[in-house]
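Hi everyone, thanks for making time. Please have the viewer open while I talk.

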Amino acid sequence: MKLGFIGTGNMASAIMGGIIKNQVVPAEEIIGADLFAPGRERAKAQFGIQVTADNKEVVEKAEVIVLSVKPQFYASVISEIKDLIKENQIVITIAPGKTLTWLSEQFGKDVKIVRTMPNTPAMVGAGMTAACPNEFLTEDEIAYVKTLLESFSRVEIIPERLMDVVVSVSGSSPAYVFMLIEAMADAAVSGGMPRPQAYQFAAQAVMGSAKMVLDTGKHPGELKDMVCSPAGTTIEAVRTLEERGFRSAIIEAMKVCEEISKSM
């Protein structure tokens, strides 16, 4: 087995779905463990992978192991599998707040670990993932892990000191964007637009705007100015957003998110 997952929830499904779809690792070379029987059976039916209720079986069979359980279960799962981890295996983590130092202490020995922070748009192949490998991985191993991650998201290798910032700017931020889309749609509905159509207009505007930032390389402020005609509708809307503290509210929310991540 090339790849194993301990936990087969939403994020694990997003990762394995991208990997299989892009033929990075075939389904028959992937195994997933989940104590929750309906969860593992769903993964088996959806992706055609092998499944088990035994975390140790994943470690015994896979070359790369993704710890895709919730952060509060990391200590108990690592305690269960640490004696089985071999020096040539790679462990990928996706939990906020679990530093490389903490992970190393839990394993109690030298282990090849890549700390990552993906986000939920990975579920539609449009994720953003930060990755931070420890000192035990070779350049070739880092490149291989990056290939796995790139099957479902853009990937940036970052210093670990930025990981809590990543949680706020991409890990949690889809929730902020969903709130923005919902608010935009509510306003459109109040103006008489049917709700399904309002969601489509709002979501497409957000997606297109993000694509303009990524594809043009222009500063977001420059792109904003392109929309704001003199004495027009947009500049008045922008003025109102600034008056109501829109920009400051986003910044303050992200700083709170970052601080909570640091304390986990």
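This is a predicted model: local features need pLDDT of at least 70, side-chain atom pairs count only at pLDDT 80 or more; totals for chains, interfaces and linings use all residues.

Residues are numbered from 1 along each chain as its sequence is written, and side-chain values use heavy atoms, leaving out hydrogens and water.

So, the sheet. It is open, with eight strands in the order E3-E2-E1-E4-E5-E6-E7-E8 and mixed pairing. Strands here are DSSP runs of E, at least two residues, and helices are runs of H or I, at least four, numbered from the N terminus; two strands pair if DSSP finds at least two bridges between them. At the edges sit E3 (50–52) and E8 (153–157), each pairing on one side only. Strands E5 (90–93) and E6 (112–117) run parallel over four bridges, and Thr93 has Arg115 in E6 as its bridge partner.

Now, which residues of H4 are buried? They are Tyr74, Val77, Ile78 and Ile81, buried being under 20% relative accessible area with a 1.4 Å probe, protein chains only. Down the axis of H4 these buried residues fall within an arc of 95°, so they line one face of the helix; the arc is taken over directions from the helix axis to the C-beta atoms. Their cover includes E1, H3 (55–61), E4, E5 and H5 (100–107), with contact meaning heavy atoms within 4.5 Å.

Finally, the charged end of Lys98 sits over the ring of Trp102, 4.5 Å from its centre. That needs NZ of Lys or CZ of Arg within 6 Å of the ring centre and within 35 degrees of the ring normal.

Technical notes
Buried means under 20% relative accessible area, exposed over 50%, partly exposed in between (1.4 Å probe, protein chains only).
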